[in-house]
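Here are some friendly notes to read alongside the model. Please keep the viewer open as you go through the points.

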Amino acid sequence: MASQKVLIDPLTRIEGHLSIEMDVQDGKVVDAKCRGDMYRGFESILQGRNPVDAQQIVMRICGVCPVSHGQASSKCLEDAFKIKPAKNGRLLRNLLLGANFLQSHILHFYHLAALDFVDITAILQYKGSDSVLIRIKDWVNNEFKVKKGRVDELTAAGPFLPRYEGKDFYIKDVATNIDAIAGYVRALDIRQKTHQMVAAFGGRAPHPISMVPGGVTTEPTRERIKNFKSNLKDVEKFVNEIYVGHVVAVAKAFPEYFKLGRYDSFLSYGAFDKDEDRKDFMFEQGLLSGKKPEKLDTSKIREQVRYARYRSGSSLHPLKGETVGDPNKAGAYSWVKAPRYDDRPLEVGPLARIVVAYHSGNKQVKSELNALLKNFNLEVPSALSALGRHASRVIECKLITKQCHEWLDELDSGKTRNSYDIPETGEGEGLIEAPRGALGHWIVVKDHKIANYQAVVPTTWFCSPRDDKGVRGPVEQALIGTPISDPNNPIEGARVVRSFDPCLACAIHVVEGDREIGKFRVC
Ligand code: NFE
Ligand code: MG
């Protein structure tokens with residue numbers, strides 16, 4: 001039978017503009033293309049500027065993970081300036097990054113991914129007195145014309161509706177659904193607390209102003225520590241008592257996603273520095289293909305653009321990288337470049353961190369992952385899947401909330417930042433783990449100015465198009481074999497892609513000019 005093209009365009013409930021093209025044959029995906037539909041050009045904006053401007057400008061790449069870009073850039077400048085961060089600066093960066101991870105992971109599960117599984121219409125059965133849930137009930141009631149308990153017609157837009165409709169698409173148990181919807185609402189308050197944690201040491205959120213090369217400008221006063229800690233305790237309680245249970249409930253309702261969205265080659269730059277030399281991490285650094293851990297060697301990283309809308313050149317290391325758009329390039333189908341490590345496409349993100357840490361012997365990670373999988377009588381290989389990504393995020397939240405107390409205790413009265421001089425020439429590399437995975441910034445300084453700046457971002461790794469050899473990117477590959485029960489409602493494909501938590505704002509750094517987004521008349 002000939003294959004049928006199934007398009008998800010745009011893929012909603014992600015950050016930025018992504019479309020997915022799938023070839024479906026006999027009810028399964030046989031080929032896929034991941035298309036990043038926007039161009040931003042941050043790397044070009046930076047050229048010719050003072051190097052220390054980079055750290056503030058790159059944070060604007062994204063509102064979800066600005067802390068990561070700010071820190072990757074600070075580290076990149078430190079490398080070029082030949083300095084290290086102060087100890088308190090490292091600890092404050094970990095606390096800022098930890099708070100941002102919590103914000104991002106809770107956002108992803110509740111506000112982006114959960115509605116692929118949770119039945120929002122179950123709220124119509126709600127009989128309790130929570131005013132927010134009553135408001136959602138009234139809203140959903142107005143959006144559906146409900147006849148004899150059956151949804152007949154969708155009438156209005158989201159955030160909850162319309163959605164993909166089909167038999168068995170959503171959790172059936174009414175109580176589980178209502179509990180998860182209550183979690184969705186509570187998660188909004190909790191995310192506000194995580195932003196307050198960032199603001200405590202960052203001055204503001206989401207784009208903190210205190211991160212600089214050499215460390216952090218904020219003093220860890222008793223008042224700021226108290227503020228951070230009190231919000232941390234509420235977030236910790238939410239993670240342990242609510243978030244974990246909802247991930248397990250989704251996995252129990254859709255266990256087949258332990259077999260779907262699978263991928264098997266991973267990269268982690270190492271997350272949350274335990275020392276100022278970046279040698280020891282809370283979540284280990286390395287690569288993993290199969291069970292064989294490998295040491296990281298960033299000289300093996302190249303960005304390839306045969307299928308990306310950029311001027312063709314050879315496969316370039318980021319220090320030599322270029323970002324020259326070629327919107328009409330023949331054969332190109334995405335604005336996302338294709339990063340490769342030794343020619344290999346690698347998954348980055350929470351799952352990559354957890355499996356690299358697991359195979360590096362990280363005891364806490366081993367015990368948390370084994371405990372979570374025990375709910376399903378499954379072994380670690382099952383985690384290399386769509387559900388494994390959701391599980392990895394909640395495991396990270398559990399461990400990060402716990403670790404934040406220790407970082408707070410380690411703060412002392414020493415300085416928070418080291419000083420620097422901007423050299424006439426230099427090169428720098430700044431590696432960090434962002435919530436969505438391995439993030440690297442590279443700079444070349446000439447005449448005290450930025451001669452080149454390249455960011456190779458997590459979503460660029462996993463949402464990459466085919467590379468120079470025609471090999472698919474991780475999301476494209478993970479989609480192969482996904483059953484699509486109804487080509488007009490391809491929820492299964494959306495679940496697989498969303499499990500990666502794509503952020504296209506990060507991955508591509510101006511929307512294509514030939515696309516009409518909308519027409520407005522202003523009176
Ligand atoms: Ni815009 Fe980001 C994260 C970075 S993703 S969210 O996490 O770096 O590619
Ligand atoms: Mg880039």
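The points below take up the helix pairs and the sheets.

1. A word on the ground rules. This is a predicted model, in which local features need pLDDT of at least 70 and side-chain atom pairs count only at pLDDT 80 or more, while totals for chains, interfaces and linings use all residues. Residues are numbered from 1 along each chain as its sequence is written, chains are lettered from A and ligands numbered from 1 in the order in which they are written, and side-chain values use heavy atoms, with hydrogens and water left out.

2. Let's begin at the N-terminal strands; helices (H or I, at least four residues) and strands (E, at least two) are DSSP runs, numbered from the N terminus. Strand β1 (residues 4-8) runs antiparallel to β2, and five bridges join them; two strands count as paired if DSSP finds at least two bridges between them. Within this pair, Gln 4 sits opposite Val 24 of β2.

3. Ser 19 has Arg 35 in β3 as its bridge partner. The two strands make a hairpin with two residues between them, and Asp 26 in the turn has a positive phi of about 45°.

4. How many residues of strand β2 (residues 18-25) are buried? Seven of the eight are, so β2 is largely enclosed by the rest of the structure. Buried here means under 20% relative accessible area, with exposed over 50% and partly exposed in between (1.4 Å probe, protein chains only).

5. Now for the helix pairs. Two packed helices are described by the angle between their axes and the distance between the axes. The axes of helix α4 (residues 87-113) and helix α6 (residues 174-202) come within 9 Å and cross at roughly 160°; axes are lines fitted to C-alpha atoms, for helices over the stretch in contact, and angles run from 0 to 180 degrees between N-to-C directions. The two helices are therefore roughly antiparallel to each other (angles under 35 degrees count as roughly parallel, over 145 as roughly antiparallel, 65 to 115 as roughly perpendicular and the rest as oblique). By class, the contact of α4 with α6 has 16 nonpolar, seven polar and one charged residues (Ala, Val, Leu, Ile, Met, Phe, Trp, Tyr, Cys and Pro are nonpolar, Asp, Glu, Lys and Arg charged, and the others, Gly among them, polar).

6. Helix α6 also packs with helix α7 (residues 222-253), at an angle of about 155° and with the axes 9 Å apart. That makes α6 roughly antiparallel to α7. Their contact has twelve nonpolar, seven polar and five charged residues.

7. Next, please look at the sheet ordered β8-β9-β10, which is open, has three strands and pairs in the antiparallel sense. Its edge strands are β8 (265-273) and β10 (292-294), each pairing on one side only. On average, neighbouring strands here are turned by 40° against each other, direction ignored. Seven bridges link β8 to strand β9 (residues 281-289), and Phe 266 stands opposite Leu 288 in β9.

8. Finally, another open sheet of three strands has the order β13-β14-β15, with antiparallel pairing. Strands β13 (426-434) and β15 (449-456) stand at the edges with a single partner strand each, so one side of each is left without a neighbour in the sheet. Neighbouring strands of this sheet are turned by 15° against each other on average, direction ignored. Nine bridges join β13 to strand β14 (residues 437-446), and Gly 426 stands opposite Val 445 in β14.
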